[in-house]
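Here is a note for a colleague who is starting to read protein structures. Please keep the model open while going through the numbered points.

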Amino acid sequence: MTSDISSTTIWSRQKISAIIQMVFTAFIFAALLSITPARAQVELNKRELNVPAHLVAESQQVQAGQSVTLAFVMTPKPTWHGYWENPGDAGIGMSFAWKLPEGVTAGGPRYPVPDTLLISGIMNYIYKGDYAVLVDLKVPENTKPGPLSISVKSDWLACTDEVCVPEQDRLSITLEVVGKDTAIKLNKAFNDYRKALPRPLGSAATFMVKDDLFRISVPFPADSDVAAPYFFILQDGIVDYAASQKVNRDGDMLVIETGARGDALQNISGVLKIGPHMGFSLDAASGNVEMSGVPLNSGGDNENFISGDDQSKTSLLFLALGGAIIGGLLLNLMPCVFPILSLKAISLAKAGGDEIVVRRDALAYTAGVVLVATALGGLLLALRASGVAVGWAFQLQDPRIIFVLLALVTAIGFNLAGLFELPNVNFGDKLAQKNGAAGSFWTGALAAFVATPCTGPFMAAALGATIVLPPIAALVIFAGLGVGLALPFLLIAFIPAIRSRLPKPGPWLNSFRKAMAIPMFVTAIGLIWLLGRQIGEDGLALSLVFLLLVALVLWWFGGGQIKGLSRGPLATTALAASVIGGVLLLPDDTAMESQKTATASSATLPSEPFSEKRLAELRATDQPVFAYFTADWCITCKANEVAAVQRQETADAFAKANVTVLMGDWTRPDPEISRFLEKHGRAGVPLYLYYAPGKEPVILPQILTIGTLTDLVA
């Protein structure tokens, strides 16, 4: 008993000493600012700051009636740190005194996920290293174009483990109010600033204060790994900050228990940290909370965060790799891949079961698939790292690439039909014998490139994992997708029982080759439709003129081959000129905006364009919302729309339940949609969400039926 009293006395003295130091520092700080403000301002401006602040805008231009985000970019010197909005036992959070033009308003500050620092029994909620605090400015509708001067005086506390120094600075920035039609260029660094912010948990938590204990029950999926969670409470005076946090896992709940300091409010808020720079913001209401479930560990140890995160990511890697391989295998059944598989079928038919040839070609085909799938994944990761919001199949959001692909598919179709032969590809009998491996490699490369618009079962979760995994692990996932796509041909090549069933080459092969031209021409028709959806009728007509030139050049080249004439160099030059001309003269990406709006409003199930602002408005009024994300090049998306979304039964059920439909069209690049997909663990489309009033969104399966949708509102 004596030992307990002594330890409590020592702990209390440490706590009281630290609080006295904090109060004395704050008193001196206030005296400097209030008694001799002019002199203090001069001295502070002369002194070099230990945690300097820089005011940066996401865009230097802003439109009237819109918002712009500012960042207070804090760059602590080595050994120095800043504080979260609730600093813990000691410290002072930031304050802001704005000087704004008439009508302009500043929102509340948004802080990144903090860290813990325990010194002599004193818990601090801090930031070590660079961090950014974000604030949104709202510009009124009646603001006239011209300069917009923003000024703010901010105070904060800068500390090391031994000393604290109050700091302040007056920061300013001048923005430009522009017209509604002006394109706004965004600062890509804000993508990283936002990644450091806690994401909204969505589900409400419950907390309780009883017998000097504080407990909070937080909804958290049971299949989501978390090693050392820690709860940062926003309100002061409720919990004992320095007390350890015990965590139990009870199904889809995390129950956290720590020491209480005083009476609780009816509602609190805070941040649940689940890893380095990762966390969820949440609100909690007072209620009954039992310490149920299985102990997880004690929160507050940064080392546990790191090791636990590594373990969870290792598990995620293996699960995602398995999903990628299975998803790639199922891609072979998707209509966007089948035409390209016809090329591989010709190659297998020519091999006629020859073990050496079949295995060589299968390995070459696999190399082409895996290399291109990995290269596309690497390019995707590089673009994301540079701040560009893109997702899987991003290359088909560019009409120039679609036109080049259209010209290539058309040329392959004419080649299979016998219009011409090329000496450097694998379609002729003589060439197949010499260059079969090279031909198989490029066939695999083309299959991987064209397969990206298809999203089958298992693929969404696998590709979504690449958002949170390290780059090397993410590349392994993309390579696994390629392995799955090539797996059927590897099985044929290396399992004798399957290979022996391949037919022997014969006269039938020429007819089979010509028949395989049909899927290629069907693919060309699909690409023409997709190109028209992106660039409009006028742009499509111009593109078809250049495509006709490509066809005429190939016809002229094939005629020369029949006559024994060498037209290769001239034909190559003419082909290059036709393709380059078609690419350069494509219209810009605004050609189809009016048509898309008209199409959305006249559809069987009318919809509004998706925006997070509109979604928030609807949810604030308890309006049921169905949000779906699609793209014209996504075969799975289009199939779902025909089979379930754009059906009269669905439209009637949604109209009866007063469901508002939001459609996110990702046919062309859209950073807002890309970021929203990432928030929901998706690297691409489709994504289907249903928001019932007052509830968390339901993520629907990737393959929809009418019943799947009508049951939501039944």
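1. Some terms are needed for the opening points: a residue is called buried when its relative accessible area is under 20%, exposed when it is over 50%, and partly exposed in between (1.4 Å probe, protein chains only). Helices (H or I, at least four residues) and strands (E, at least two) are DSSP runs, numbered from the N terminus. The model is a predicted one, in which local features need pLDDT of at least 70 and side-chain atom pairs count only at pLDDT 80 or more, while totals for chains, interfaces and linings use all residues. Residues are numbered from 1 along each chain as its sequence is written, and side-chain values use heavy atoms, with hydrogens and water left out.

2. Which residues of helix 18 are buried? In this helix, which spans residues 648–656, they are Thr650, Ala651, Ala653 and Phe654. Seen down the axis of helix 18, these buried residues fall within an arc of 165°, where the arc is that of the directions from the helix axis to the C-beta atoms; they therefore line one face of the helix. The face turned away from that buried side carries Ala655 and Lys656, which are exposed.

3. The surroundings of helix 18 can be described through contact, which means heavy atoms within 4.5 Å. The buried residues of helix 18 pack against strand 22 (625–630), helix 17 (635–645), strand 23 (660–665) and helix 20 (706–710). Helix 18 is followed by Asn658, whose phi is positive, near 60°.

4. Positive phi values also deserve a look in two loops. His277 has a phi near 60°, a positive value in a residue other than glycine, and it lies in the loop between strand 18 (267–275) and strand 19 (278–286). Asp622 likewise has a positive phi near 60° without being glycine, and its place is the loop between helix 16 (612–620) and strand 22.

5. A disulfide is a covalent bond between the sulfur atoms of two cysteines, and here it is assigned to a pair of cysteine sulfur atoms within 2.5 Å. The structure holds one disulfide, which joins Cys159 to Cys164 with an S to S distance of 2.1 Å. The torsion about the S-S bond of Cys159 and Cys164 is about 110°, so the disulfide is right-handed. As for its two ends, Cys159 counts as buried because its relative accessibility is 0%, whereas Cys164, at 33%, counts as partly exposed.

6. Side chains of opposite charge can pair when their charged atoms come close. A salt bridge is counted here when a side-chain nitrogen of Lys or Arg is within 4 Å of a carboxyl oxygen of Asp or Glu, and the structure holds twelve of them. One of these is formed by the side chains of Arg110 and Asp136 (3.1 Å, N to O). This pair links distant parts of the chain, 26 residues apart, since Arg110 is in the loop between strand 6 (105–106) and strand 7 (115–119) and Asp136 is in strand 9 (residues 131–138). Arg110 is partly exposed at 31% relative accessibility, and Asp136 is partly exposed with a relative accessible area of 31%.

7. What is the N to O distance in the salt bridge between Asp361 and Arg360? The side chains meet at 3.0 Å; Asp361 is buried, with a relative accessible area of 4%, but Arg360 is partly exposed, at 33%. Another salt bridge joins Glu649 and Arg647 (4.0 Å, N to O), and here Glu649 is partly exposed at 39%, as is Arg647 at 32%.

8. Asn50 is found in the loop between helix 2 (37–46) and strand 1 (53–57), and at 12% relative accessibility it counts as buried. Leaving aside its neighbours within four places in sequence, Asn50 is in contact with Thr75, Pro76, Lys77, Trp80, Ala158, Val165 and Glu167.
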